[in-house]
Amino acid sequence: MLAYLESGKNLAGCACGLAGVGLALAGLAGGYGPLVAVALYGAGALLAPPERVALPSFPPPAAQLEVLRADFARLREYVAEVELPPAAGGRLAELLELYEALLDPGWVAEVLATEPEAVHALSRAVRLDVPECVDSYHRTRWWNRLTPGGESPERHLERQLSALLDEAERVTAGLREAEARRQQTHTTYLEDRGRS
């Protein structure tokens, strides 16, 4: 009830209602003065714009990266305990080095934080894709021992890690291009400023 008393709809209704009281006191509403005041209050309350709902509060990009860094540390602990074939292990190490370079606190992480798609791709890879690759390899390898044949789990793991490495390199290239555009924009700005 108190929220409605402070709302824009009530305030607009009160203003219109006061105008109705003014009309009644001036004698312009005749014997319908109270009805005119109530009607104008209702009209004002109905015509007032709706209350604006507050936007949800989300953590800033820097805070999102802090959570992602913690998740990446847990991923590192997980993959340190699993046994992988040498080729896949090397590919995974290369992938994790790239992720670590992107997440390392500093100006690179600041650039990463400005690109929501890049943050999403990295968080999906760290939280879902890499753990699923390693886990599905181990589960499939166990089943493959019982019923050999078909494409080897090692080959699938290498293909999955290669796809993730390609994606991480595309993210890195996108960030590099964003910085190049930023530099070009600043150069153009300085040259235009020098001409005027």
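Analyst: A cavity is a set of points on a 1 Å grid over the protein atoms alone where a 1.4 Å probe fits but cannot get out, and its lining residues have an atom within 4 Å of a point. This is a predicted model, in which local features need pLDDT of at least 70, side-chain atom pairs count only at pLDDT 80 or more, and totals for chains, interfaces and linings use all residues. Residues are numbered from 1 along each chain as its sequence is written, and side-chain values use heavy atoms, with hydrogens and water left out.

User: In which helix is confidence lowest?
Analyst: Confidence here is pLDDT, the predictor's own score for each residue, from 0 to 100. The protein averages 88, and 98% of the residues score at least 70. Helices are DSSP runs of H or I with at least four residues, numbered from the N terminus. The highest mean, 94, belongs to α5, and the lowest, 74, to α1 (residues 2–5).

User: How much space lies in the largest cavity?
Analyst: The structure holds one cavity of 30 Å³ or more. A volume is the space filled by probe spheres set on the grid points, which are joined across faces, edges and corners. For the largest cavity that space is about 40 Å³.

User: Within what arc do the buried residues of α5 fall?
Analyst: Buried means under 20% relative accessible area, exposed over 50%, and partly exposed in between (1.4 Å probe, protein chains only). By that rule Ala88, Leu92, Leu95, Leu96, Leu98, Tyr99, Leu102 and Leu103 of α5 are buried. Pro86 and Glu97 are exposed on the other side of α5. The arc is taken over directions from the helix axis to the C-beta atoms, and the buried residues of α5 line one face of the helix because they fall within 155°.

User: Is Ala93 buried or partly exposed?
Analyst: Ala93 is found in α5. Its C-alpha is separated by 60 Å from that of Glu6, 87 residues away along the chain. With a relative accessible area of 34%, Ala93 is partly exposed.

User: How far apart are the end C-alpha atoms of α2?
Analyst: The expected span of a helix is 1.5 Å times one less than its number of residues. For the 18 residues of α2 this gives 26 Å, and the end C-alpha atoms agree with it, at 26 Å.

User: Which residues are exposed on the other side of α2?
Analyst: Asn10, Gly13, Gly17 and Gly20 are the buried residues of α2. They fall within an arc of 80° seen down the axis, so they line one face of the helix. What covers them includes α1 and α3 (33–47). On the other side of α2, the exposed residues are Leu11, Leu18 and Leu25.

User: Which residues is Cys16 in contact with, leaving aside its neighbours within four places in sequence?
Analyst: Cys16 sits in α2 (residues 8–25), and its relative accessible area of 30% makes it partly exposed. Contact means heavy atoms within 4.5 Å. Apart from those sequence neighbours, Cys16 is in contact with Leu40, Tyr41 and Gly44.

User: What distance separates the C-alpha atoms of Leu75 and Leu96?
Analyst: Leu75 belongs to α4 (residues 61–81) and counts as buried, at 4% relative accessibility. Not counting residues up to four places away in sequence, Leu75 touches Leu96, Val126, Val130 and Pro131. Leu75 and Leu96 are 21 residues apart along the chain, and their C-alpha atoms are separated by 9.3 Å.

User: How far does α8 reach from its first C-alpha to its last?
Analyst: The buried residues of α8 include Pro153, Leu157, Glu167, Ala168 and Val171. At 1.5 Å a residue, its 43 residues are expected to span 63 Å, and the helix reaches close to that, at 63 Å.

Conventions: Helix = DSSP H or I, 4+ residues; strand = E, 2+ residues; numbered from the N terminus. 1 Å grid on protein atoms, 1.4 Å probe; cavity = no way out; pocket = protein on both sides within 12 Å on 5 of 7 lines; lining within 4 Å.
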